[in-house]
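Take a look at the sequence and the model below. Then follow the text from one part to the next.

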Amino acid sequence: MKKLFGRTDLIIIISVLALSLLLFIPSLFGNNSLVAQIIVDGEVTEEIDLDKIEKSYTLSPKDGTVIAVEKGRIRFSDACCKDELCVASGWLSAKGQTAACLPERVVIAVKGTDKTDMMTY
Amino acid sequence: MQTAESNRKINKKSVIALAVCAALVLCIVLADFIKSRSEYSDTTIAMGTVVSIRLFGSDGETTATEIENNINETEKTLLSWREKNSDIERINASSGVAVSVSTETAEIINKALDVSRNCEGVFDITVGKLTKLWDFGGENQRVPTADEISKALETVSYSSVKVTDTTVLTADNQMLDLGAIGKGAACDRVKNYLDSANTDSAVISVGGSLLLYGNRSFNIGIVNPENDKESMGTLKLADTCVSTSGNYEKFFTQDNKTYHHILNAETGYPADSRLSSVTVVCESGVLSDALSTACYILGYHDSLALLKRYDAEAVFVFKDKTVRITDGIENKFTLTDESFVIAE
């Protein structure tokens, strides 16, 4: 009785399936890197992979607004408004967390969702 | 001869095998592509607050832009007392005189007045003079004098507001402030818009007031009153609105005493409550906003009848970290922070 597939066929099939599985695995488990978006006036001006930060630094997406970036976390560190609620928000270090400087229309949003789809507050 | 035929068969089989593999890979890649194309997320600032949008369906980017426009329109043309020529600004500028407004504004005011009637006026949209005095979150936030408060309270009376079709008449010197229900009103407007868009499901947060659109179930985190970046519990819900009122959102400290922003319209002072927060689940955004404020002021026991009247459900978080959930959503709630305890 003849085999359905020869040795070469099996090698090809297994190789292609293994490759497609490798390509598919990341989308099965989602992207686990911690990426922060800086949004100014409704536009994403910068995306920062917080896991890849080697040296802490600050950036100023708008005059008077200062954002501190460290490995695995990000925050507003200075603002020109009186109440500085954005600074009081502290560090963001988990998916789905946001902080906003409303007067300057600057938002920091850590991309993705963790346990929840949205928060009510 | 036989070898040549056998080779042809092998080649044919190889082609079939390759074709099957290629089809499989294509399906996987296509499924992933469709998934990524059908979900769209956006975060922006609208209506003076953070707006987060997650859409499931096609035309995500266009739909998100329209949602932002709808939210901004709600503020600018309808509800903000600060926006020149908005319906509320015109009503306030002509107190004592009937003012013609949009159908939408008239409906929102009617809903708010109905809640006021059913909670003995602890929630009241005629608190404009009072909220202006306290100025929570503003540059002049302070504890007003007792005289100032009693003078402002003279203008607080929901029963003085008369709505006839699309005409609104307030009492002389009265000032409306729909700040407590503006975000919920925006959710309702977005819901109407989404009915005509190519969106299957969506979850939209307008400063923490949520619209859950479509049949998809979402895990909604209720903010931990002691840490506003973490949740204390989750609710699994679909096709509804969710609003939370809490003492942690806007407050200031004067003379070592902390004053939060939820004012009892009867006393003129921040509500003296055993609660940290109340989360209300209801089909309308205006109602869920109004009810969460009213329930926070009323407290747990007095809130139950009010919630029942509007077919609404709620999660009450007490200052001592006990949690009470109404029957209709008890099985949809999961505690995620073990330092809180569900009351028996």
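**A walk through the two chains**

In chain B, three strands form an open sheet, ordered β3-β5-β4, and their pairing is antiparallel. Two strands count as paired if DSSP finds at least two bridges between them. Strands (E, at least two residues) and helices (H or I, at least four) are DSSP runs, numbered from the N terminus. β3 (99–100) and β4 (162–164) of chain B stand at the edges with a single partner strand each, so one side of each has no neighbour in the sheet. β3(B) is joined by two bridges to strand β5 (residues 167–169) of chain B, and the two run antiparallel. Here S100(B) stands opposite T167(B) in β5(B).

A word on the source. This is a predicted model, in which local features need pLDDT of at least 70 and side-chain atom pairs count only at pLDDT 80 or more, while totals for chains, interfaces and linings use all residues. Residues are numbered from 1 along each chain as its sequence is written, and chains are lettered from A and ligands numbered from 1 in the order in which they are written.

How confident is the predictor in chain A? The average pLDDT of chain A is 84, and 87% of the residues score at least 70. The pLDDT is the predictor's confidence in each residue, from 0 to 100. Within chain A, confidence is lowest in helix α1 (residues 7–29), with a mean of 73. It is highest in strand β4 (residues 65–70) of chain A, at 95.

Now see where the chains meet. In all, 41 residues of chain B are in contact with 29 residues of chain A. Contact means that the C-beta atoms of two residues, placed from the backbone, lie within 7 Å. Several elements of chain B each supply at least two residues to the side that touches chain A, among them α1 (2–38), β1 (39–46), β2 (49–57) and β6 (199–206). α1(B) gives the most to this side, with ten residues. The residues on this side of chain B divide into 16 nonpolar, 18 polar and seven charged. Here Ala, Val, Leu, Ile, Met, Phe, Trp, Tyr, Cys and Pro count as nonpolar, Asp, Glu, Lys and Arg as charged, and the others, Gly among them, as polar.

Strands also link the chains. Strand β8 (residues 118–120) of chain A pairs with β8(B) in the parallel sense, over three bridges. M118(A) stands opposite I220(B), and M119(A) stands opposite G221(B). Six of the seven residues of β8(B) are buried, so this strand is largely enclosed by the rest of the structure. A residue is buried if 20 or more other C-beta atoms lie within 10 Å of its own, exposed if 12 or fewer, and partly exposed in between, with C-beta atoms placed from the backbone. Inside chain B, β8(B) forms a hairpin with β9(B), with two residues between them. Seven bridges join these two antiparallel strands. I222(B) has G233(B) in β9(B) as its bridge partner.

Next come β1(B) and β2(B), which pair in the antiparallel sense over eight bridges. Y40(B) stands opposite L55(B) in β2(B). Their hairpin has two residues between the strands, and M47(B) takes a positive phi near 55 degrees there. β2(B) also pairs with β6(B), again antiparallel, over seven bridges. In β6(B), V203(B) is the bridge partner of R54(B).

What lies in the largest nonpolar core? Such a core is a set of buried Ala, Val, Leu, Ile, Met, Phe, Trp, Tyr and Cys residues joined through C-beta atoms within 7 Å. This one has 112 residues, and those touching the most other members include I108(A), I204(B) and L210(B). Helix α8 (residues 285–298) of chain B gives the largest share of this core, nine residues. Apart from neighbours within four places in sequence, I204(B) is in contact with residues including I53(B), I67(B) and L210(B).

Finish at helix α9 (residues 300–309) of chain B. Its residues S303(B), L306(B) and L307(B) are buried. Seen down the axis of α9(B), the buried residues fall within an arc of 100 degrees, so they line one face of the helix. The arc is that of the directions from the helix axis to the C-beta atoms. On the other side of α9(B), H301(B), A305(B) and K308(B) are exposed. The cover over the buried residues of α9(B) includes α4 (103–118), α8 and β14 (313–318) of chain B.
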